[in-house]
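The sequence and structure are shown below.

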Amino acid sequence: MKDNRYEQEKKVVIVPCSGIGKTYGTVSREAAYEVVEDLRPQSSQLVALSLLVLGDEAARAAVAANPAVTIDGCKLACATKMVQESGGTVARDFAVLDVYREHRKLRPRGIAELNEGGQALAHVLAEEVAAVVDATPHQNGPVEAEEESNA
Amino acid sequence: MPKLPEKKVGIVACSGEEMAEGTVTRLAALKVLEEMRPNDTVTICLPLFLAGGEGDRAFARFYPTIAVDGCELRCAARATEEHSGKPAASIVVSELVSERGLKQPQGRRQLDKAGQQAVSITAQQIAGTVDLLLDRRWSRREGEFADGAIDLTVQQPKVAACSCGSGIPVQQVAVNGEIVTLIALPAIFEQFQQAGKEPCSAIAQELLDQVQIYNPVPAGQEREYQAALLREYETFYAEENGR
């Protein structure tokens, strides 16, 4: 039976950190959700890190067939390493800490729930990820970018 | 006894970002780690079993571990067993929700009311399981429950909940030309050095006894292990005293 959990058309895969012990993990996830749900829903899709760890065939196939943007919450860079180990191509690897260093006023706090600084940092990060999605060759990228620029 | 983290229960959540149940696992685990059983629990990110080092992979052998999954794929339970050790217990949110007759959680980014309810019952289930596991005897040598008690000298870890990047102290040692990974060896060496024990043949058996608490030593290879441990301890001792 064919596994249809992931859309067949070519989309940029977004893989955030799955950490639960640090606020940066939460920022990475919030940014990823903002990209796939709000900013670039037509040209990006989320893949859960746990499925890649398990070696889930559909998740591996989605990563192998599409360019990926990874968002890591700490220097261990699990998301980036797992995409590479799953045969995927990382178009761009983001580290939340690097983005925070460039926006030190946006200090994230909280894990279950982000503070305002964390929400704002996630938004800045999401905008950067969306720009990479636009610049990465895939099926729907130019259309969506054009629509936005014409809006 | 080497000073190692006291007996705690490990929690590994799938954290599946694609679905609401994954968010439930993450928030429920966090609730237990931070609010309900902060002194009895520790966690590690699931991907570290592959992306991390030997110390990370020793997690489920070192701690009796509860795998908390969002769905029937059971990524956390299966991946933990495959890459670290067999979980002592497994909880699946979708099954728990069905058993309790609750609504399916919605909202992976922001959980709805049913999702928040699922967090609450999942956290209660985890905390109850933590209590059960703490009453049992866990063998860090075998990575399973044992009849014999292991009386560890306790020490509070520097980081309360998250084990990412810290892992269990391990060291690789060549025994008879073969590389073996020994759990707790750095802590054992540190304790011996701090006790003023100089590396000499008189302490070889004592070293082996400590190592065997946490690691299986094949029958008939005790002498080879003693020689390897003494050699490594000589190196450690010289480095420490040279500082």
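In this predicted model, chain B contains an open sheet of four strands in the order S3-S2-S4-S5, with parallel pairing. Its edges are formed by strand S3 (41-43) and strand S5 (89-92) of chain B, each of which pairs on one side only. From one strand to the next, the twist averages 25 degrees.

Strand S4 (residues 65-69) of chain B runs parallel to S5(B) and is joined to S5(B) by four bridges. B:Asp69 has B:Val92, in S5(B), as its bridge partner.

| Helix of chain B | Strands of chain B touched | Angle between directions |
|---|---|---|
| H5 (residues 75-83) | S2 (9-13), S4 and S5 | about 140 degrees with S4(B) |
| H7 (residues 113-134) | S2, S3, S4 and S5 | about 175 degrees with S5(B) |

**Domains of chain B**

The domain assignment of chain B gives domain 1 (4-145) and domain 2 (169-241). Taken over C-alpha atoms, the centres of these two domains of chain B are separated by 33 Å. Seven residues from domain 1 of chain B and 10 residues from domain 2 of chain B take part in the contact. On the side of domain 1 of chain B that touches domain 2 of chain B, there are three nonpolar, one polar and three charged residues.

**A helix pair in chain B**

Helix H9 (residues 204-214) and helix H10 (residues 222-241) of chain B have axes that come within 9 Å and cross at roughly 100 degrees. H9(B) and H10(B) are therefore roughly perpendicular to each other, as angles of 65 to 115 degrees are counted in this way. H9(B) contributes B:Ala204, B:Gln205, B:Leu207, B:Leu208 and B:Val211 to the contact, while H10(B) contributes B:Glu222, B:Tyr225, B:Gln226, B:Leu229, B:Leu230 and B:Tyr233. By class, this contact of H9(B) with H10(B) has eight nonpolar, two polar and one charged residues.

**Interface between the chains**

Between the chains, 26 residues of chain A are in contact with 30 residues of chain B. On the side of chain A that touches chain B, at least two residues each come from helix H1 (23-39), helix H2 (49-54) and helix H4 (78-85) of chain A. H2(A) gives the most to this side, with five residues. The class composition of the side of chain A that touches chain B is 16 nonpolar, four polar and six charged residues.

How values were computed:
Residues are numbered from 1 along each chain as its sequence is written. Chains are lettered from A and ligands numbered from 1 in the order in which they are written. This is a predicted model: local features need pLDDT of at least 70, side-chain atom pairs count only at pLDDT 80 or more; totals for chains, interfaces and linings use all residues. Two residues are in contact if their C-beta atoms, placed from the backbone, lie within 7 Å. Ala, Val, Leu, Ile, Met, Phe, Trp, Tyr, Cys and Pro count as nonpolar, Asp, Glu, Lys and Arg as charged, and the others, Gly among them, as polar. Domain bounds come from an automatic or database domain assignment. Axes are lines fitted to C-alpha atoms, for helices over the stretch in contact, and angles run from 0 to 180 degrees between N-to-C directions. Angles under 35 degrees count as roughly parallel, over 145 as roughly antiparallel, 65 to 115 as roughly perpendicular and the rest as oblique. Two strands pair if DSSP finds at least two bridges between them.
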